[in-house]
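Colleague: I'd like to learn how to read strands and aromatic contacts in a model. Could you walk me through a case?

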Amino acid sequence: MLTKFQNHINEIFPFLKEKKLLLATSGGIDSMVLLRLCHKLELDIRVAHCNFQLRGDESDYDEDFVKSQTEKLQIPIFIKKFDTKSFAEKEKLSIQVVARNLRYDWFNTLLINNDYDYILTAHHLDDSLETFLINFTRGSGLDGFTGIPEQNGTIIRPLLPFSRNEIEVFAKVNNVEWREDSSNASDNYLRNKLRHDVIPILKELNPSLLHSFENTISNLQQAQSLVTDASQTVYKQVVSEEDTIKIDISKLKEFQNYKAYLYQWLNEYGFNDWNAVNDLVKAQSGKQVFSETHVLLKDRNELILFPKQNGIEPSNFLISKNQREIKFPLNISFFNVDDISFNTTNTIFVDEGKLQFPLEIRKWQQGDWFYPLGMNGKKKLSKFFKDKKFSLLDKSNTWLLCSENQIVWVIGKRQDERFKVTEQTTKILKINYTT
């Protein structure tokens, strides 16, 4: 196995020989074999061990074991204890999800703080098969059937071509010590149930199951590459990116398999109710679908994707007479000037004598109206938005500058006629909005 591993590194990851590597080591057989292999190849490694404190003394024994093994090999080690259960309860997430997030967040912090290059994990071919079957049982797109990637950014998995059996044989022949995780014997987890009950039957039916699986994964990866290329081509024709991502529904529906394109484009944003996403194409304007982080909005002939707001914004913000600048909710500056130039969408000039402080910045509301600059009559904001063909997102992002409930400025859009500078003005206030 050592020769095969060395050839694999030389062929696929030759750059690792010159890099500083962080090896994720649990103390189990897979990571201890990877540690031994990397040490024999004299790669520049150091070890990171997570103690999730989920198995009482057993977790502490794992920590002590990994520490003792790295001391024998004279390899630097980082150890981190996590109160995983408390964190899972607080975040209302599963133990498995929390442990994974904590682990990789810490690994990435170590990489950044210590100027390391890559994280090595001990995932192998059987792990990839189990992941394939998990995705199969839960339902997945094509990307869920292409196996665990050998490299994902700074994460590299150099044992993926090796089976669990190969790893076990190497460990026994080379007297590699390891710790057994008692939770691996439990069938409470789907992965373990597949490992103990399903995969052995599949291997009975096909003794060359892992070899066949490798061929299948290779074919699926090539198919995924074709899908990605097609998806990117269609994306350029259908999607525009400005402050938000906008999908032109008319153009999208020109493609027979548009649902597949939606999946390719939106999967990374955490959406999982794909029936709701697909139904949005034919839904009424204003319909929305939510993921944990994003909103997908149907607005006329577009699907608009944008991040969820973090927290609840206050309903209004007051500005005193002496304030010259605010940073939140918008960047706005106030200047006293002697003369005016042309108004722009982001700069207006007003008669300060007509203002009543404190001024107020707030979101627009149904029933709001103002006198658009250059017009004699008043106009409802809803009608103003309709005439300007504002999207629902544009309207929801509109802020007003008000003086005693009178609109001074639809910020970034239009000034109110009542507050403009005239020949009788004695004090001019320039108001500038910076995006």
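Predicted model: local features only at pLDDT ≥ 70, side-chain atom pairs only at ≥ 80, totals over all residues.

Colleague: How many bridges join E15 to E22, and are the strands parallel or antiparallel?

Modeller: Five bridges join them, and the two run antiparallel. E15 covers residues 347-351, while E22 covers residues 428-434.

Colleague: Which way do the residues of E15 point, and are they buried or exposed?

Modeller: Thr347, Phe349 and Asp351 point one way, with Ile348 and Val350 pointing the other way. Residues on both sides are buried, so E15 is mostly covered, with five of its five residues under the 20% cut-off.

Colleague: Where does Lys430 lie relative to Phe335?

Modeller: Lys430 lies over the face of Phe335, 5.8 Å from the ring centre. Arg46 likewise lies over the face of Tyr116, at 4.4 Å from the ring centre.

Colleague: And ring against ring: how many aromatic pairs are there?

Modeller: The count is 22 aromatic pairs. One of them joins Phe13 and Phe15, edge-to-face, at 6.0 Å centre to centre and 90° between the planes.

Colleague: Are Phe13 and Phe15 buried or partly exposed?

Modeller: Phe13 is buried because its relative accessibility is 2%, whereas Phe15 is partly exposed at 28%. Phe255 and Tyr261 also pair edge-to-face, at 5.9 Å and 75°. There, Phe255 is partly exposed at 22% and Tyr261 is buried at 18%.

Colleague: Which residues form an aromatic cluster?

Modeller: Phe52, Phe82, Tyr104, Trp106 and Phe107 form one.

How values were computed: Residues numbered from 1 in each chain as written. Heavy atoms only, no water. Buried < 20%, exposed > 50% of the residue type's maximum accessible area, 1.4 Å probe, protein only. Helix = DSSP H or I, 4+ residues; strand = E, 2+ residues; numbered from the N terminus. Pairing = 2+ DSSP bridges. Phe/Tyr/Trp six-rings, centres within 6.5 Å; stacked < 30°, edge-to-face > 60°. Lys NZ or Arg CZ within 6 Å of the ring centre and 35° of its normal.
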